[in-house]
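Let's walk through this one together, from the overall layout down to a few individual residues. Have the viewer open as you read.

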Amino acid sequence: PILESRLAGEGAGLTVRLEAGKRAVAVRVDEIIGVSGFIVPDDRVDVIVTTTPPGSTNPDNRIAKIVLQNKRVLSVAQSTEQKDGKPQLARSITLEVSPEDAEKLSLASQEGQIVLALRALGDDAQTVTSGIRKGDLLAIASVRKGPSGAVVRAPEKYRVEVIQGHDRKVVEF
């Protein structure tokens, strides 16, 4: 059937889907970056870039950071609709962004590797992160479970409380 919602004026394409003041920016993706083909039009994604900070040449100083959040997917490859609910592997994904975010996305895709993180339906919350570096990532791997099942991080210094009679002192080593 021909649905009115699927009709557009002459020369219409993504331009009719864009909100006023927004831009459509295509991002080159592969199976991993594109969440194994499960991103479809109208999904929301975060953009994460992994890059080496300015002034550093050491690959151990690379940082991964969320640079854009909650961006609407306009199209996958060249399709603006879902394909029978099945994963659609794409070479590009087009996002709806503000002009400022278009600049961020352009720079992020040139300066490092980007990854798209698919958001849950209705998850509009903004998250503030400091990013993560390789050293921090390896430190996280050394966490252990405490007696209550909670994750406990090994302290940098060990503290022991020494009690002698009525005197108490804390010794660090």
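A contact here means heavy atoms within 4.5 Å. With that in hand, a word on what you're looking at: this is a predicted model, where local features need pLDDT of at least 70, side-chain atom pairs count only at pLDDT 80 or more, and totals for chains, interfaces and linings use all residues. Residues are numbered from 1 along each chain as its sequence is written, and side-chain values use heavy atoms, with hydrogens and water left out.

Start with the big picture. The chain has two helices and ten strands, and from the N terminus the order is β-β-β-β-α-β-β-α-β-β-β-β. Those labels are DSSP runs numbered from the N terminus: helices are H or I with at least four residues, strands are E with at least two. Take the contacts between residues at least 6 apart in sequence, and 65% of them join residues at least 24 apart. Of the 173 residues, 24% are buried, where buried means under 20% relative accessible area, exposed means over 50%, and partly exposed is in between (1.4 Å probe, protein chains only). The accessible surface comes to about 12500 Å², with 53% of that belonging to carbon and sulfur atoms; the areas come from the Shrake-Rupley method with a 1.4 Å probe, and for residues only the protein chains shown count as cover.

Now go inside. In soluble globular proteins, nonpolar side chains tend to be buried together. A nonpolar core is a set of buried Ala, Val, Leu, Ile, Met, Phe, Trp, Tyr and Cys residues joined through side-chain atoms within 4.5 Å. The largest one here has 18 residues, and Ile93, Leu95, Leu105 and Leu116 touch the most other members. Strands S1 (23-28), S2 (44-51), S3 (63-76), S4 (92-97) and S5 (113-118), plus helix H1 (99-111), each supply at least two residues of this core.

Is Ser98 buried or exposed? Ser98 counts as buried because its relative accessible area is 15%. Its side chain reaches the backbone nitrogen of Asp101 at 3.1 Å, and, residues up to four places away aside, Ser98 touches Gly21 and Lys22.

Two residues stand out for their backbone angles. Most residues other than glycine have a negative phi. Asp42, in the loop between S1 and S2, has a positive phi near 80°, and Asp42 is partly exposed at 45%. Asn70 lies in strand S3 with a positive phi near 55°, but Asn70 is buried at 12%. The C-alpha of Asn70 is 9.5 Å from that of Ala117, 47 residues away in sequence.

Lys157 is in the loop between strand S8 (151-152) and strand S9 (159-164). What does Lys157 touch, not counting residues up to four places away in sequence? The partners are Glu172 and Phe173, and the C-alpha atoms of Lys157 and Phe173 are 5.9 Å apart despite a gap of 16 residues along the chain. Lys157 counts as exposed because its relative accessibility is 54%.

Technical notes: Polar contact = N/O pair within 3.5 Å; in protein donor to acceptor, adjacent residues only side chain to side chain.
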